[in-house]
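Subject: Structure handover

Hello,

Here is the structure we spoke about. My notes on it follow below the model.

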Amino acid sequence: MTTGAFRVAGWHLALYRRLWRMNLLSSFVQPLMYLLGLGVGVGALVDRNSASGATLGGASYVAFVAPGLLITAAMALGAIESMWSVMGGLKWQRGYHGIAATPLEARDIVLGHGVWIAVRCGLSATAVAAALAYFPDTRSWGLLPAVPVAMLVGLSFAMPIMAFSINTETDGAFAAIQRFVIIPLFLFGGAFYPLSQLPVGVQWIAKAAPLWHGVIVARGFTTHSAGALWAVGHLAYVVAFAFAGTTLAVRNLRRKLYS
Amino acid sequence: MTESLIVARQLVKRFGEFTAVDGIDVEVQRGEAFGFLGPNGAGKSSTMRMIGCVSPVTSGSLRLFGLDPATHGAQIRRRLGVVPQLDTLDTELTVQENLWLYGRYFDLSRSEAKRRAKELLEFAQLADRADSIVDHLSGGMKRRLSIARSLINEPEMLLLDEPTTGLDPQARHVLWDRLYRLKQQGVTLVLTTHYMDEAEQLCDRLVVMDQGKIVAEGSPRELIDRYSTREVLELRFTAGTNEALAPQVQGIGERQELLPDRVLVYADDGEAALAATHARGLQPESALVRRSSLEDVFLLLTGRTLAD
């Protein structure tokens, strides 16, 4: 990590201070609304069904779904943060070009944005975790390690999408990513029910994305069922996405800025 | 003793098949105000991007402060100020936030960045707008902020790519005045422009570029003396008759040029040329005698006006 990356993260912080009120809703209030709606409404139905206890690993539905919401919120935030703001940096306000004229390099811009996204995901996950700790059903020490898991999942989506956003010419593709990647993973990625409920083919698609790996690790932490080696294995898969995305994003941005 | 801050030899920039810069030689000394003059697409901006170390050299050699941009890009950029053709300001932040943040990219401490920002706001005549959101500034103010921001690292050389394009005349004069002050402070200025008046006002020395090549080099005065006559007579005939009447001024002055909207007669004595025109029985709708300008040099060298 370079000091330049932290300077760039400082830039994102300065920009964010202008709009944090708007973002608060999507990164904090929204997951809580899902939690209340699903936990109270759907949870009451699910928990009444005697067979579901075994499927959910003995947890109440709200305890099952809470870590899923924590992680999917990070995924959604990481994805959004690496779309329009990247295009703004290159095409609209062109801040990336301004930075390229200083001693900083493409690597600093990408890493700095990554640092900032990790911070955002961490803050939002902390806020959600704090709210979860308030309810007896979802209160768990496992919420603490779930926060860094959320940060990694956020990055595992943000960095590959950033690599894509750097190269894309119009912002039309961003809505498509939301519709065909983020929302399907939100619904079919193992956050709301175990993947075993899905056809095997769909399970494999869900398992190929980093979301599910983050969800089951976070859930393993909050329900105290995670083995250390098992967790490291799944997180390594998540980290690999973040790392590959970062490498690709640096390469793409270098080509774009220094042509 | 002079010190060359820019030394380019046979510098070439290609984008695929297209050659934007086609083997130019340039040398800029410390303290000079140097201009690249040429129409759009002449290769000025590509040259500036190579000098700014954000565009790799295709072939030939380029040295800035004696360093190779391919290997010392970051070190060179640390000593440069860059005012790009399109502003790269953070439009949703305040004027002073823009300066502070940019200073941080050059490793200035927070307090030093704030100290310099305060000075630069005075210099750019934006002190009373320090807390304004950039989006609310006029075009001229944004340009001045861009220049102020490019000075935050106290650069030895300032690169300005078409600094006054799109500004109204008053805003341009304010900007020129600020640039002139910088030059007096010893900052080396390198700028591109397609405005003659700008080049004449600001540049000690300039090169005229056309289609990626340098077609002339010298001070504005030298170029005019070398390539043009002292005065120019501009004749406008009734619309549509310029072409038919142009042959009739042949032989008057040293040289004649037919443009879509007027006929130019190059002569050391413009009034005498006008008298000669009238003596031939020609009745132009309007006639104007003016001093030769860089525009005329450009027209002679490239066969085109700069607006093309």
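**Notes on the model**

With 15 C-beta neighbours inside 10 Å, B:Gln211 counts as partly exposed; a residue is buried if 20 or more other C-beta atoms, placed from the backbone, lie within 10 Å of its own, exposed if 12 or fewer, and partly exposed in between. This is a predicted model, in which local features need pLDDT of at least 70 and side-chain atom pairs count only at pLDDT 80 or more, while totals for chains, interfaces and linings use all residues. Residues are numbered from 1 along each chain as its sequence is written, and chains are lettered from A and ligands numbered from 1 in the order in which they are written.

B:Gln211 sits in the loop between strand 8 and strand 9 of chain B. Helices (H or I, at least four residues) and strands (E, at least two) are DSSP runs, numbered from the N terminus. The phi of B:Gln211 is near 50 degrees, a positive value in a residue that is not glycine. Most residues other than glycine have a negative phi. B:Gln125 counts as partly exposed because it has 15 C-beta neighbours inside 10 Å.

**Chain B overall**

Chain B has 11 helices and 13 strands. Its C-alpha atoms fill a box of roughly 75 × 45 × 40 Å along the principal axes. Of its 308 residues, 45% are buried. Among contacts in chain B with a separation of 6 or more, 68% are between residues 24 or more positions apart; a contact here means C-beta atoms, placed from the backbone, within 7 Å.

**The sheets of chain B**

One open sheet has six strands in the order 5-6-7-3-8-9, with mixed pairing; two strands pair if DSSP finds at least two bridges between them. Strand 5 and strand 9 (213-218) of chain B are at the edges with a single partner strand each, so one side of each has no neighbour in the sheet. From one strand to the next, the twist averages 15 degrees. Angles run from 0 to 180 degrees between N-to-C directions, and axes are lines fitted to C-alpha atoms, for helices over the stretch in contact.

Helix 8 (residues 220-227) of chain B packs on this sheet and touches strand 8 and strand 9 of chain B; its direction makes about 105 degrees with that of strand 9. Within the sheet, strand 3 (residues 33-37) and strand 8 (residues 205-210) of chain B pair in the parallel sense over four bridges. B:Leu37 has B:Val208 as its bridge partner in strand 8 of chain B.

Strand 5 of chain B runs parallel to strand 6 (residues 157-161) of chain B, and four bridges join them. B:Leu158 in strand 6 of chain B is the bridge partner of B:Gly81. In a regular strand the side chains alternate between the two faces of the sheet. Strand 5 (residues 80-83) of chain B is covered on both faces: B:Leu80 and B:Val82 on one side, and B:Gly81 and B:Val83 on the other, are all buried.

Another open sheet of chain B has three strands in the order 2-1-4 with antiparallel pairing. Its edge strands are strand 2 (18-29) and strand 4 (59-64) of chain B, each of which pairs on one side only. Strand 1 (residues 4-15) and strand 2 of chain B run antiparallel and are joined by nine bridges. B:Val12 has B:Asp22 in strand 2 of chain B as its bridge partner.

**Cores and a helix pair**

The largest nonpolar core has 154 residues, of which A:Leu70, A:Ile71, A:Ala74, A:Met75, A:Ala150, A:Val153 and B:Leu159 touch the most other members. Such a core is a set of buried Ala, Val, Leu, Ile, Met, Phe, Trp, Tyr and Cys residues joined through C-beta atoms within 7 Å. A second, separate core of 14 residues includes B:Leu233, B:Val263, B:Ala267 and B:Leu274.

In chain A, helix 11 (residues 210-222) and helix 12 (residues 228-257) pack at an angle of about 145 degrees, with axes 9 Å apart.

Regards

Methods:
Two residues are in contact if their C-beta atoms, placed from the backbone, lie within 7 Å.
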